[in-house]
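Please read the points below with the structure open beside you, and take them slowly. They go from single residues to the way the parts pack together.

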Amino acid sequence: FQDNVLSQANDILVRARELATQGANETIGTSVRAQMANEVFELRDHLVTLANSKYQDRYVFAGVDDDDAPFGAATY
């Protein structure tokens, strides 16, 4: 389960890197940059969801406090 979650997180980070590379291009217009920014925020939210993954009703990445969600979108 953890390997699957980490694989998904890796895919998200690869996509974020692609967007960063594309965004560094001076010729991209503001509307395209806005779309890219929205996608980055969606990727961030998905990463938070993955970080709060549960297995057998326990948060996988919460350490010893596996009853509480370790991450929240409001903190990032």
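1. Y55 counts as partly exposed, because its relative accessibility is 46% and the partly exposed class lies between the limit for buried, under 20%, and the limit for exposed, over 50%. Please keep in mind throughout that this is a predicted model. Y55 is found in strand 1, and, if neighbours within four places in sequence are left aside, the residues in contact with Y55 are F1 and V60. As for S7, it stands 48 residues from Y55 in sequence, while the C-alpha atoms of the two are 16 Å apart in space.

2. N52 can be read against the cut-off in the same way: its relative accessible area is 16%, and since buried means under 20%, N52 is classed as buried. This residue is found in the loop between helix 2 and strand 1, the strand being residues 54–55. Once neighbours within four places in sequence are set aside, N52 is in contact with Y59, A69, P70 and F71.

3. The next point concerns the pair of helices. In general, two packed helices are described by the angle between their axes and by the distance between those axes. Here helix 1 and helix 2 pack at an angle of about 160°, and their axes are 10 Å apart. Helix 1 is therefore roughly antiparallel to helix 2, because angles over 145 degrees are counted in that class. The crossing of the two helices is left-handed.

4. Which residues make the contact between these helices? On the side of helix 1 they are V5, Q8, A9, I12, L13, R15, A16, L19, Q22 and G23, and on the side of helix 2 they are R33, M36, E39, V40, L43, H46, L47 and L50.

5. The largest nonpolar core has eight residues, namely V5, A9, I12, L19, I28, M36, L43 and L50. The elements that give two or more residues to this core are helix 1, residues 2–23, and helix 2, residues 30–51, and the largest share, four residues, comes from helix 1.

How values were computed. Residues numbered from 1 in each chain as written. Predicted model: local features only at pLDDT ≥ 70, side-chain atom pairs only at ≥ 80, totals over all residues. Heavy atoms only, no water. Core = buried A, V, L, I, M, F, W, Y, C linked by side-chain atoms within 4.5 Å. Buried < 20%, exposed > 50% of the residue type's maximum accessible area, 1.4 Å probe, protein only. Contact = heavy atoms within 4.5 Å. Axes fitted to C-alpha atoms, helices over the stretch in contact; angles between N-to-C directions. Parallel < 35°, antiparallel > 145°, perpendicular 65-115°, else oblique. Left-handed = near helix turned anticlockwise from the far one by under 90°.
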